[in-house]
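Student: I have a structure open on my screen and would like to learn how to read it. Could you walk me through some features?

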Amino acid sequence: MVLNSDGTRKPFRKQKPSTDRPAGRSVPAKPGLQARAAAAKILAAVVDRKLPLDGALDHEHGNPAYKALGESDRALVRAILNTTLRHLPRIDAAIASLLESPLPEGARALHHVLAIGAAQILYLDVPDHSAVDLAVEQANQDPRNRRFAKLVNAVLRRLGREKDEVLAEIGKVAPMPSWFLARLEKAYGRDTALAISQSQLEPAAIDLTVKSDAEGWAKKLNGVALPTGGVRLAAFDGGIPSLEGFDEGAWWVQDAAASIPARLFGDLSGKRAADLCAAPGGKTAQLILAGGAVTALDQSESRLRRLRSNLDRLGLTAETVAADLTTFKPPEGFDAILLDAPCSSTGTTRRHPDVLWTKGPEDIARLAALQERLLRHALTLLTPGGMLVFSNCSLDPAEGEEVVARVLSDTGAIERVPISAGDWPGLEAAITPLGEFRTLPTMLKMPEGIASGLDGFYAAVLRRAG
C-alpha cells in the first residue's frame with residue numbers, strides 16, 4: 001500500500017482535527033513521551049536552526065525540555081538524536097518511500113516526529129509498538145500535527161512490518177548530506193567519499209595521549225598502542241575518571257589524529273613555543289612534554305580556565321594568555337608555533353554527527369578566510385628558523401591544503417617542510433605527495449574488538465628562513 005500524506009489511500013485533502021484526544025482533557029504523559037518530545041525539539045533546533053547538539057544537551061544551559069528529564073531519559077534522548085543525525089538521509093528516504101506525495105510544505109514538526117520514530121524502529125533497540133504509540137501521541141498533543149496522527153500511525157507501522165526490505169533499499173543512500181558528499185567526491189573521488197560517508201556510522205574510538213610508555217599503558221588498560229604514540233581503548237565499563245592513571249595525570253583523552261600536529265615539532269628543549277588556539281589543552285600538554293617553554297593563547301578566558309584545570313590534573317604548567325590572535329603581539333618571537341585553527345570540524349562527525357547539519361558551504365568559505373588571516377599573522381610571530389605547524393580537523397581541502405598553498409604563494413621567507421612517510425609507520429597513507437598530513441576516517445585499521453578509524457585531520461609544517 002502506498003500512502004498519501006494524510007495516511008489514506010485517497011488523494012491528499014485536509015482532514016478535520018483528530019478526536020483521539022478530547023480538547024481540554026488533561027491526561028498523564030505516557031512513559032517515554034517527554035523524552036521523545038525533547039528529541040524532536042532538539043532535532044528541529046539542529047537541522048532547522050543550525051544550533052550545535054552539544055549546546056542543546058548541556059546539563060546546565062541546554063534545551064529546557066532536555067534539562068527537565070531524568071538521567072536515564074537524557075541518555076535515551078542522546079542515543080535517539082545521535083542515531084537520527086547519523087542516518088538522517090536514509091531515514092528521510094525511508095519515509096519518502098512510503099508516501100505518494102511529499103509531506104505538506106512547512107510540516108517540519110511532523111517530519112521530526114516521523115524521523116525520531118523511524119530512527120527507533122530502524123536502528124535502535126526500541127520495541128516498534130512503543131515507538132509508534134509514542135509518535136502518535138506526540139502528533140495528537142501538537143496542534144500542528146494532530147490532523148496527521150493517522151499518517152504517523154500508518155507510516156511507522158508499515159515501517160516496522162517492512163523493516164528488512166526498507167533497510168536493504170535505503171542502504172544504497174549515502175548517510176551524509178549531499179552538499180558535503182559532493183565536496184568529498186571532488187577532493188578524493190567517489191569511492192573514497194562513499195567510504196568516508198559510511199565510516200561516520202561507526203562508533204568513535206576512545207584514544208589516550210600518554211606521558212610515556214604507550215605499550216605499558218596499553219597493557220594496563222586493555223588497549224593497543226597506536227602509531228601516533230598514544231593508546232586506543234577497547235570497550236570498558238564505567239567512566240573515564242575510573243580508569244587507572246587518570247587521577248595521577250598519566251594520560252588524557254585525545255583522538256589519535258588530534259595528537260599528530262604537536263608531535264611534528266620533535267624535541268622542543270630550550271625553545272619558546274606557543275599554542276595559539278590552545279583550549280582545552282591537549283596539544284599544549286604535548287608541547288610541554290616535548291620540552292618547550294609554552295605560552296597557551298585562547299580568545300576565551302573561560303576556555304583558558306578549563307585548560308588550566310586540565311593542566312593541573314596532569315601536573316603541567318604553561319603561561320596562559322587571553323587575547324585575540326589577530327592582534328596578539330608578544331614581546332619576543334617564538335621558535336615553535338602550533339596553530340590548530342578554528343574550522344568546520346567536518347572530520348569529527350563520528351563524535352559530532354550534527355556538524356554536517358549545522359554547517360554549509362558558506363561556513364567553510366568563511367572559516368577558510370579566517371584561517372588564512374590567522375596563519376598569516378601567526379607566521380609573523382616566528383623567530384628566524386622557527387617552525388609553525390598549521391592544522392585543523394576539517395576534511396575539506398578548502399580549509400587545509402588550499403589555505404597553505406595561497407599563503408606560500410605570496411609570503412616570502414616561508415617554506416614548507418615535507419613530512420616523511422618513513423617517520424610514521426602505520427600512517428604512511430596519510431602523508432600527501434607534498435609532505436603534508438591528511439588523515440581520513442577510513443584510515444587506521446584496528447584488531448577485532450577495537451574501534452578502527454580516526455578523525456579527519458590536516459597538518460602542514462612551515463619554516464621561516466634563518
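**Reading the model, feature by feature**

Tutor: Let's start with K50, which is partly exposed, with a relative accessible area of 44%; buried means under 20% relative accessible area, exposed over 50%, and partly exposed in between (1.4 Å probe, protein chains only). This is a predicted model, in which local features need pLDDT of at least 70, side-chain atom pairs count only at pLDDT 80 or more, and totals for chains, interfaces and linings use all residues. Residues are numbered from 1 along each chain as its sequence is written, and side-chain values use heavy atoms, with hydrogens and water left out.

Student: Where is K50 found, and what is the value of its phi?

Tutor: Most residues other than glycine have a negative phi, and most peptide bonds are trans. Phi of K50 is positive, near 60 degrees, and K50 is found in the loop between α1 and α2 (53-56). Helices (H or I, at least four residues) and strands (E, at least two) are DSSP runs, numbered from the N terminus. D213 also has a positive phi near 60 degrees, and its place is in the loop between β1 (207-210) and α11 (214-220).

Student: Which residues does a cis peptide bond join?

Tutor: The cis bond joins A279 and P280, with omega about 10 degrees. P280 has its place in the loop between β5 (272-275) and α13.

Student: How do I read a helix such as α14? Which of its residues are buried?

Tutor: An α-helix has 3.6 residues a turn, so residues three or four places apart point the same way. In α14, the buried residues are L304, L307, L311 and L314. Seen down the helix axis, the buried residues of α14 fall within an arc of 75 degrees (taken from the directions from the axis to the C-beta atoms), so they line one face. The face turned away from that buried side carries R306 and D312, which are exposed.

Student: What do the buried residues of α14 pack against?

Tutor: They pack against β4 (251-253), α13 (282-289), β6 (293-298) and β7 (319-322), where contact means heavy atoms within 4.5 Å. After α14 comes G315, with a positive phi near 70 degrees.

Student: How many residues of α5 are buried?

Tutor: In α5, 14 of the 16 residues are buried, so this helix is largely enclosed by the rest of the structure.

Student: And how do I read empty space?

Tutor: Rolling a probe the size of a water molecule over the atoms shows where empty space is left. On a 1 Å grid over the protein atoms alone, a cavity is a set of points where a 1.4 Å probe fits but cannot get out, while a pocket is an open set with protein on both sides within 12 Å along at least five of seven lines; lining residues have an atom within 4 Å of a point. Grid points are joined across faces, edges and corners, and a volume is the space filled by probe spheres set on the points. The second largest pocket has a volume of about 460 Å³. Of its 22 lining residues, the closest to the centre are A37, A40, K41, Q138 and D142.

Student: Which element gives the most to the lining of that pocket?

Tutor: That is α1, with eight residues.

Student: What is the volume of the largest cavity?

Tutor: The largest cavity has a volume of about 50 Å³. Its lining includes L85, R86, P89 and W357, and α4 gives the most to this lining, with three residues.
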